[in-house]
Amino acid sequence: ISEMLSAGEEGYYYELTGITADTTIVVNLKQNTPVVVAPAITSQPQNISVQEGQKATFTVTATGDNLSYQWQINRNDGNGFVNLSGATSASYTTSTVDMDCNGFKYQCIVSNEGGSVTSDIATLTVTEKPSVHTHSLTQVPAKAATCTEEGNKVYYTCSGCDSLFAD
């Protein structure tokens, strides 16, 4: 019997379930339950700073078989972390952000049949886009000095910011 019990195919084993009164041996062939190692995060998502109007990408790296990912967001609205619809890969890219997104927090749950692990929290910082100012210049012509007034070279004034510019 011991030879028969150890002769199972790879991934299977024999289980002796009983001996009947007429000495019939009952043996069942059963499949081994594979051991699935729980995921482990090897690289955490990092805090990101972007200007308004840009996108941000968060990434997590994990080890394990048949991993699944679910990114979550905390919008600081009292609801805590909630799943982001469709955010099920190792990286998540936000849509174009605005100043209302400043301080949002992101994390990723990595899971498989062996368990799940939650990443560290990464914070999104959104900075204001620098304003672009186009100078609208008006030339102030040169004026020669007189006995009562000083003269000047040609210069320009900006009607938008009241700055003075000279050659």
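# Reading strands, core and aromatic pairs

Visitor: Which residues of strand 4 are on its covered face, and which are on the uncovered one?

Guide: In this predicted model, strand 4 spans residues 48-51, with Ile 48 and Val 50 on the covered face and Ser 49 and Gln 51 on the uncovered one.

Visitor: How many bridges join strand 4 to strand 12, and which residue is the bridge partner of Ser 49?

Guide: Strand 4 and strand 12, the latter made of residues 122-127, run parallel and are joined by 4 bridges. Within strand 12, Thr 125 is the bridge partner of Ser 49.

Visitor: Which residues have the most contacts inside the largest nonpolar core?

Guide: That core has 22 residues, and those with the most contacts inside it are Phe 58, Val 60, Trp 71, Leu 84, Tyr 106, Val 110 and Leu 124. Two or more residues come from each of strand 4, strand 7 (68-74), strand 10 (105-112) and strand 12.

Visitor: What is Leu 124 in contact with, once its neighbours within four places in sequence are left aside?

Guide: Leu 124 is then in contact with Ile 48 and Val 50, with Ala 56 and Phe 58, and also with Val 97, Cys 101, Asn 102, Gly 103, Phe 104 and Tyr 106. Ile 48 and Val 50 were the covered face of strand 4.

Visitor: Where is Val 97 found, and is this residue buried or exposed?

Guide: Val 97 is found in the loop between strand 9 (91-93) and strand 10. Val 97 counts as buried because its relative accessible area is 4%, which is to be read against the limit of under 20% for buried residues. Apart from neighbours within four places in sequence, the contacts of Val 97 include Val 50, Gln 51, Glu 52, Leu 124 and Val 126. With Glu 52, the C-alpha to C-alpha distance is 5.5 Å, although Val 97 and Glu 52 are 45 residues apart in sequence.

Visitor: What share of the contacts in the protein chain with a separation of 6 or more is between residues 24 or more positions apart?

Guide: Such pairs account for 46% of those contacts.

Visitor: How many aromatic pairs does a search of the whole structure find?

Guide: The search finds 2 aromatic pairs. In one of them, Phe 58 and Tyr 106 are stacked, at 4.5 Å centre to centre and with 25° between the planes. Because Phe 58 lies in strand 5 (residues 57-59) and Tyr 106 in strand 10, this pair ties together parts that are 48 residues apart in sequence. Phe 58 is buried at 1% relative accessibility, and Tyr 106 is buried with a relative accessible area of 3%. Together with Tyr 92, Phe 58 and Tyr 106 form one aromatic cluster.

Visitor: What is the order of the strands in the open sheet of 3 strands?

Guide: The order is 13-14-15, with antiparallel pairing. Strand 13 (137-140) and strand 15 (164-166) are the edge strands, each pairing on one side only. On average, neighbouring strands of this sheet are turned by 30° against each other, direction ignored. Strand 14, residues 155-158, is joined to strand 15 by 3 bridges, and Phe 165 of strand 15 is the bridge partner of Tyr 156.

Definitions and conventions:
Residues numbered from 1 in each chain as written. Predicted model: local features only at pLDDT ≥ 70, side-chain atom pairs only at ≥ 80, totals over all residues. Heavy atoms only, no water. Buried < 20%, exposed > 50% of the residue type's maximum accessible area, 1.4 Å probe, protein only. Pairing = 2+ DSSP bridges. Core = buried A, V, L, I, M, F, W, Y, C linked by side-chain atoms within 4.5 Å. Contact = heavy atoms within 4.5 Å. Axes fitted to C-alpha atoms, helices over the stretch in contact; angles between N-to-C directions. Phe/Tyr/Trp six-rings, centres within 6.5 Å; stacked < 30°, edge-to-face > 60°.
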